[in-house]
Structures are given as C-alpha cells and as structure tokens.
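Biologist: I am new to reading protein models, so please take me through this one step by step.

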Amino acid sequence: RTVYLNGEYVPEEEAKISVFDRGFLFADAVYEVTAVVNGKLVDFAGHFARLARSCRELGLSLTLSENDLREIHQRLIAENDLTEGGIYLQLTRGNSGDRDFHFPPSQTPTTLVLFTQSRAVVDHPAASKGIRVVTCPDIRWQRRDIKTVQLLAPCLAKAWAEANGADDAFLVEDGFITEGSSCNCYIVTADKTIVTRPLSNNILHGITRKALLRLGEEHGITFEERLFTPEEARRASEVFISSATTFVWPVVSVDGQQIGDGKAGEITKLLRSIYLEMVE
Ligand code: PDD
C-alpha cells in the first residue's frame with residue numbers, strides 16, 4: 001500500500017513517525033474514517049467539517065483546505081486501486097523532541113497520516129445477517145463529540161463483547177445507551193418510529209447518522225431524538241447501528257435477548273437501501 005505522511009506518498013513500510021509523536025504518547029490526535037464505494041468518497045464534505053470542528057475544539061491547527069484533503073484522499077484511492085472500503089486520516093499535534101505534557105509551541109508541525117483500507121461495505125455479510133450486541137458501562141471521557149484517537153475504552157468494550165459471545169457493545173451511561181463502541185445506535189418502536197439519542201457532548205455526531213435523518217425525512221420515515229434504555233432496546237421491534245464502516249447494520253440480539261424474529265427488520269433494510277442508493 002501507498003500511504004500519505006506529511007506531504008509524501010510512500011510505501012507503508014517506509015512511513016516513519018517519531019517515538020515522541022504526541023499521537024503515540026498522549027493520544028493527542030484526531031481522526032476521520034471516510035467510506036469509499038465504487039472508488040468514490042462518501043460524504044467527504046461532512047467528514048471534513050467534523051475534522052475541522054475536532055481541530056477547533058482542541059486548538060489543533062489544520063493547515064490543509066477541504067480541497068487539499070479531498071485531493072490527497074483521491075490520490076490514495078488511485079494509487080491503491082481502491083474500489084470499496086475506507087480511508088483513515090489521523091492528525092496529531094506533532095512532537096517537541098521529548099515527552100512533555102504541555103503543548104509544544106503552536107508553530108510545531110503536526111503529523112498527518114492517511115491510508116486506505118480495502119474491505120466489503122455494500123455486500124458485507126453482517127448487513128444482511130445482523131450482529132449481536134451486549135451492553136456495558138460507558139467509561140469514556142466527556143467530550144465524545146470530538147473524534148480523538150483515545151480508543152482504548154472502545155477496544156475494551158469490543159473485547160468484552162467478544163468474550164461474551166457478541167459482535168459489539170452498546171455503551172450505557174446513567175441508565176441510557178449513549179452509542180456503540182464505534183457506531184451510533186437506533187431502536188424502532190412498535191409504531192415504527194426510529195429512536196436515536198440526541199446530539200450532545202456524550203456521543204460522536206455521526207456523519208452517517210446525519211445523512212440517515214435527512215434521508216428518513218425525505219422518505220417519510222419518522223425519527224425521534226431522545227434517550228432510550230437497554231431495556232427498551234431489548235424490547236424494540238428493530239435495533240440497528242450506523243457508521244462510515246458499516247452504513248446500516250441490523251442488530252439481532254441485545255444482551256442475549258432476540259430482537260423481533262432474529263432477522264434484519266423491515267425499517268432497517270429500507271433505511272440501508274435508501275442510504276446505498278445515495279452512495280452508489
Ligand atoms: N467510528 N460513534 C462512535 C463512537 C464512532 O467511533 C463512530 C465512527 C460513529 C459513527 O460515525 P460516522 O457515521 O461518522 O462514521 C459513532 C469510525 C467508523 C471508526 O472509529 O472506525
């Protein structure tokens with residue numbers, strides 16, 4: 001694979017970063033994952049806007065424009081013949097040549113890395129088969145709206161899910177589901193309303209979520225933004241998740257409790273097909 005590092009396109013094994021990089025030492029870094037379908041970026045403008053916001057919130061300087069970054073993404077797609085999968089971008093606060101908690105001087109160069117990941121998105125088996133989730137406490141920090149690389153808590157949640165015979169975890173805080181370990185969560189009630197948690201600092205403002213709310217409205221699908229509990233999820237007609245890596249995946253069990261008939265629900269399938277229509 002050819003990867004991007006600070007202005008250069010290099011073979012992955014030649015891309016080297018300092019051991020003092022603050023992304024490595026302090027998770028002082030932000031990231032984005034943009035989906036690629038048919039060699040094209042999905043909702044790049046949305047991902048750029050969120051990246052710019054994450055940088056603003058952390059005082060990280062983003063020197064490249066939306067167009068500069070789009071071109072880097074497109075060049076990597078071309079260099080690696082990527083037709084389907086995603087592009088990972090990470091921007092760190094660089095390094096000051098030692099380990100120091102204090103931010104380095106503002107003119108210190110940042111570290112920007114991008115790489116491609118080839119994988120099935122449109123025909124991923126989980127999109128039809130669904131996934132099993134378990135709930136666990138949300139132990140993350142209080143600015144989950146900023147897309148930082150502090151991902152140990154979600155890694156622990158996924159490991160815990162796996163150890164409990166599930167594919168992923170839904171995180172719970174004060175008795176309510178916040179989001180999945182790396183996705184936004186939805187339940188469908190008996191009257192076919194889709195319920196999802198409102199935006200706040202407690203969840204990542206998903207780019208896929210935003211598109212689904214817009215597409216839902218255009219297609220007469222009712223969304224309600226409110227908190228919901230694990231118990232409501234276990235009793236829901238349908239449960240599903242969204243992210244740039246999954247788009248929309250059905251959830252077929254929550255904490256071992258089967259959802260509906262244990263297969264992908266109608267609204268979930270409809271929403272996924274509407275989303276795919278937009279990206280393909
Ligand atoms: N994760 N919530 C969390 C905690 C996430 O990590 C993600 C995405 C989402 C969905 O956001 P979006 O629709 O913009 O991808 C919600 C990415 C895919 C990842 O970490 O790989």
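Biologist: Let us start with one residue. Is Lys147 buried or exposed?

Modeller: First, a note on reading the model: residues are numbered from 1 along each chain as its sequence is written. This is a predicted model, in which local features need pLDDT of at least 70, side-chain atom pairs count only at pLDDT 80 or more, and totals for chains, interfaces and linings use all residues. We call a residue buried if 20 or more other C-beta atoms lie within 10 Å of its own, exposed if 12 or fewer, and partly exposed in between, with C-beta atoms placed from the backbone. Lys147 has 22 C-beta neighbours inside 10 Å, so it counts as buried.

Biologist: Which residues is Lys147 in contact with, leaving aside its neighbours within four places in sequence?

Modeller: Two residues are in contact if their C-beta atoms, placed from the backbone, lie within 7 Å. Leaving those sequence neighbours aside, the contacts of Lys147 are Val30, Tyr31, Glu32, Arg50, Ser54 and Leu204.

Biologist: Let us move to H5. Which residues of H5 are buried, and where do they fall around the helix?

Modeller: The buried residues of H5 are Pro154, Ala157 and Ala161. Seen down the axis (the arc is that of the directions from the helix axis to the C-beta atoms), these buried residues fall within 55°, so they line one face of the helix.

Biologist: What do the buried residues of H5 pack against, and which exposed residues does the face turned away carry?

Modeller: On the buried side, H5 packs against E7 and strand E8 (168-173). The face turned away from that side carries the exposed residues Leu152, Cys155, Ala159 and Ala163.

Biologist: How far apart are the end C-alpha atoms of H6?

Modeller: The expected span of a helix is 1.5 Å times one less than its number of residues. H6 has 12 residues, so it should span 16 Å, and this agrees with its end C-alpha atoms, which are separated by 17 Å.

Biologist: Which residues of H6 are buried, and what covers them?

Modeller: Ile207, Thr208, Arg209 and Leu212 are the buried residues of H6. What covers them includes helix H2 (44-58), strand E10 (184-188), strand E11 (194-196), E13, strand E14 (247-254) and helix H8 (266-279).

Biologist: Now the ligand. Which of the 14 residues around the ligand come nearest?

Modeller: A residue is near a molecule or strand if its C-beta atom, placed from the backbone, lies within 6 Å of it. Helix H6 (207-218) and strand E13 (238-243) each supply at least two residues of this shell, and the largest share, three residues, comes from H6. Of the 14 residues, those that come nearest are Leu204, Gly206, Ile207, Thr208 and Ala244.

Biologist: How many residues of the shell around the ligand are nonpolar, polar and charged?

Modeller: Here Ala, Val, Leu, Ile, Met, Phe, Trp, Tyr, Cys and Pro count as nonpolar, Asp, Glu, Lys and Arg as charged, and the others, Gly among them, as polar. Sorted this way, the shell residues divide into five nonpolar, seven polar and two charged.

Biologist: What is the order of the strands in the open sheet, and which are the edge strands?

Modeller: Two strands pair if DSSP finds at least two bridges between them. The open sheet has six strands in the order E2-E1-E6-E5-E3-E4, with antiparallel pairing. Each edge strand pairs on one side only, and these are strand E2 (8-11) and strand E4 (40-41).

Biologist: How many bridges pair E5 with E6?

Modeller: For E1 (residues 2-5), two bridges join it to E6 (residues 111-118), with Tyr4 opposite Leu114 and Leu5 opposite Val113. Strand E5 (residues 85-92) also runs antiparallel to E6, and the number of bridges between them is eight.

Key: Helices (H or I, at least four residues) and strands (E, at least two) are DSSP runs, numbered from the N terminus.
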